[in-house]
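Please look over the sequence and the model shown here before reading on.

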Amino acid sequence: MGHEREIVFVDSSVLISCGQRESTRFQALAREARRRDTVFRISPQVYAEVTGDPALEAYTPDESPVDEAIQEGWMKVSESPSYADSDISNVMDQARNFIASASDRLADVVEKADTEIVGLALESLLDGTADRVIVVTNDIPLGESAESLLPRYGFDDGQITWLTG
């Protein structure tokens with residue numbers, strides 16, 4: 001798979017902007033996954049945002065573009081991050097505060113999906129699942145938080161990339 005155990009996390013802002021399965025943007029996302037020879041990851045919270053499914057535990061595929069991508073095998077829903085790991089919990093709290101400050105919002109209204117992506121990215125690096133993580137988002141504070149916070153846990157800047165979708 002892909003480049004030296006690279007994991008690509010995709011945010012809901014990208015999926016929402018892609019629109020329907022037949023759209024040029026959604027097709028480009030699928031082509032990019034194939035080009036990279038990787039499976040794009042979305043967090044459970046991102047899945048809930050884009051499919052409107054509040055029952056994350058009762059996942060059953062339907063005909064949404066994301067569900068079709070999952071069925072085709074180029075996208076998958078990650079497990080929730082390990083909140084018991086203090087580094088994961090801490091980075092998620094830090095991401096919430098970073099995003100709140102950068103977007104002039106209260107921390108309580110920062111989307112859980114955003115902090116979950118940062119937590120999953122750190123968890124992937126810490127547990128050795130990935131040597132490199134890429135966060136694909138149109139949400140500038142989310143991208144900046146990942147690039148700013150993850151190196152504080154011992155990873156170099158080259159291991160964390162933020163791309164706009």
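A crossing of two helices is called left-handed if the near helix is turned anticlockwise from the far one by less than a right angle, and right-handed if clockwise. The model described here is a predicted one.

## Helix 3 and helix 6

By this definition, the crossing in which helix 3 passes helix 6 is left-handed. Helix 3 spans residues 44–51 and helix 6 spans residues 112–126; their axes lie 8 Å apart, and the packing angle is about 145°.

On the side of helix 3, the contact involves Pro44, Gln45, Val46 and Glu49, which meet Lys112, Ala113, Glu116 and Ile117 of helix 6. By class, the residues of this contact comprise 4 nonpolar, 1 polar and 3 charged.

## The nonpolar core

The largest nonpolar core has 46 residues, and those that touch the most other members are Trp74, Met75 and Leu150. Helix 6 is the element that gives the most to this core, contributing 7 residues.

Which residues is Met75 in contact with, leaving aside its neighbours within four places in sequence? They are Leu15, Leu29, Val39, Phe40, Ile42, Val66, Ala69 and Ile70.

## Strand 1

Strand 1, made up of residues 6–10, is largely enclosed by the rest of the structure, because 5 of its 5 residues are buried.

Strand 1 runs parallel to strand 4 (residues 132–136), and 5 bridges join the two. Within this pairing, Ile134 in strand 4 stands opposite Val8.

Key:
Residues numbered from 1 in each chain as written. Predicted model: local features only at pLDDT ≥ 70, side-chain atom pairs only at ≥ 80, totals over all residues. Heavy atoms only, no water. Buried < 20%, exposed > 50% of the residue type's maximum accessible area, 1.4 Å probe, protein only. Helix = DSSP H or I, 4+ residues; strand = E, 2+ residues; numbered from the N terminus. Pairing = 2+ DSSP bridges. Axes fitted to C-alpha atoms, helices over the stretch in contact; angles between N-to-C directions. Contact = heavy atoms within 4.5 Å. Nonpolar A, V, L, I, M, F, W, Y, C, P; charged D, E, K, R; others polar. Core = buried A, V, L, I, M, F, W, Y, C linked by side-chain atoms within 4.5 Å.
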